[in-house]
Amino acid sequence: HVLNLSYNLISVIENLEGDVNLRQLYLAENAITTIFIRSPLPHLVLLDVSGNKLRRLTGINSFRCLSTLIIERCLLTSLNGLQNLLNLRKISAASNQITDFQPFSLPLLSHIDLQNNRITSLSSFTMFQSLVFLDLSGNPIDDNGLGITVQLPELKEFKANGSNISDPSFVSSIAPNVVSISLLFCKISVY
């Protein structure tokens, strides 16, 4: 089942407990401030709450089977609250106010899009060992933020367009298997 209630006036996610077969839920561009679910939705694999007024991800643990979470253009400052979503494979949280966050493990997480946030360091990503794709474009990350002891062995594609990076060699040192690096509009003067 797919339910698309985007572009409405919904302010709270609630009363969905009866639809146990729901697999995809689209609630983009509403006025949602709170997620409140009394019992889990056991088959929900995709949730899109982009363009809402969410400041925190409290209540998100009701979606334990989620593999894709789209939370773009909200008012989030952190990814805290996702720690128990162990099936999560893809997070798209572009255009929020997310800063560096306390590292936590999501063993299946392979794709993160955090464009246009406030990330300054890779230290938050130390436990995301399955990452294949990471987009930090438009974040204030610089060489110091890359130069920490992080290894992302599975990372294949790294984007940090419009960042403060001036030495692209840092990327290869943290991601030895990377095949695509995009550093457009950065501070690179010598390569």
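Among contacts in this protein between residues at least 6 apart in sequence, 19% join residues at least 24 apart, where contact means heavy atoms within 4.5 Å. Before we walk through the chain, a word on the basis: this is a predicted model, in which local features need pLDDT of at least 70 and side-chain atom pairs count only at pLDDT 80 or more, while totals for chains, interfaces and linings use all residues. Residues are numbered from 1 along each chain as its sequence is written, and side-chain values use heavy atoms, with hydrogens and water left out.

Let us start with the overall form. The C-alpha trace of the protein spans about 60 × 30 × 25 Å along its principal axes. The radius of gyration is 17 Å, which agrees with the value near 16 Å that a compact globule of 191 residues would have; the radius is taken over C-alpha atoms, and the globule rule is 2.2 Å times the number of residues to the power 0.38. Of the 191 residues, 46% are buried. Here buried means under 20% relative accessible area, exposed means over 50%, and partly exposed lies in between, with a 1.4 Å probe and protein chains only.

Now to the secondary structure. The protein has two helices and 11 strands, taken as DSSP runs numbered from the N terminus (helices are H or I with at least four residues, strands are E with at least two). Read from the N terminus on, the elements run β-β-β-β-β-β-β-β-β-α-β-α-β.

Nine of the strands form an open sheet with parallel pairing, in the order S1-S3-S5-S6-S7-S8-S9-S10-S11; two strands pair if DSSP finds at least two bridges between them. At the edges are strand S1 (2-4) and strand S11 (180-182), each of which pairs on one side only. Neighbouring strands of this sheet are turned by 5° against each other on average, direction ignored. For that angle, axes are lines fitted to C-alpha atoms, for helices over the stretch in contact, and angles run from 0 to 180 degrees between N-to-C directions.

Strand S5 (residues 46-48) and strand S6 (residues 68-70) pair in the parallel sense over three bridges, and Asp48 stands opposite Ile70 in S6. Thr68 also has its place in strand S6. Thr68 counts as buried because its relative accessible area is 17%. Leaving aside residues up to four places away in sequence, Thr68 touches Val45, Leu46, Leu47, Leu88 and Lys90.

From there, move on to strand S7 (residues 90-92), where Ser92 is found. Ser92 has 8% relative accessibility, so this residue counts as buried. Its side chain makes a polar contact of 2.4 Å with the side chain of Glu72. A polar contact is a pair of N or O atoms within 3.5 Å; within protein, one must be able to donate a hydrogen and the other to accept it, and residues adjacent in sequence count only if both atoms are side-chain atoms.

Ser95 sits in the loop between S7 and strand S8 (111-113) and is partly exposed, with a relative accessible area of 32%. Although Ser95 is not a glycine, it has a positive phi of about 60°. Residues up to four places away aside, Ser95 touches Arg73, Cys74, Gln115, Asn116 and Asn117. Asn116 belongs to the loop between S8 and strand S9 (133-135), is partly exposed at 41%, and has a positive phi of about 55° although it is not a glycine. Asn15, in the loop between strand S2 (12-13) and strand S3 (24-26), counts as exposed at 56% relative accessibility.

Finally, look inside. In soluble globular proteins, nonpolar side chains tend to be buried together. The largest nonpolar core here has 55 residues, of which Leu82, Phe125, Leu134 and Phe158 touch the most other members. Such a core is a set of buried Ala, Val, Leu, Ile, Met, Phe, Trp, Tyr and Cys residues joined through side-chain atoms within 4.5 Å. Not counting residues up to four places away in sequence, the residues that Phe158 touches include Leu134, Leu136, Leu146, Ile165, Val171 and Val178.
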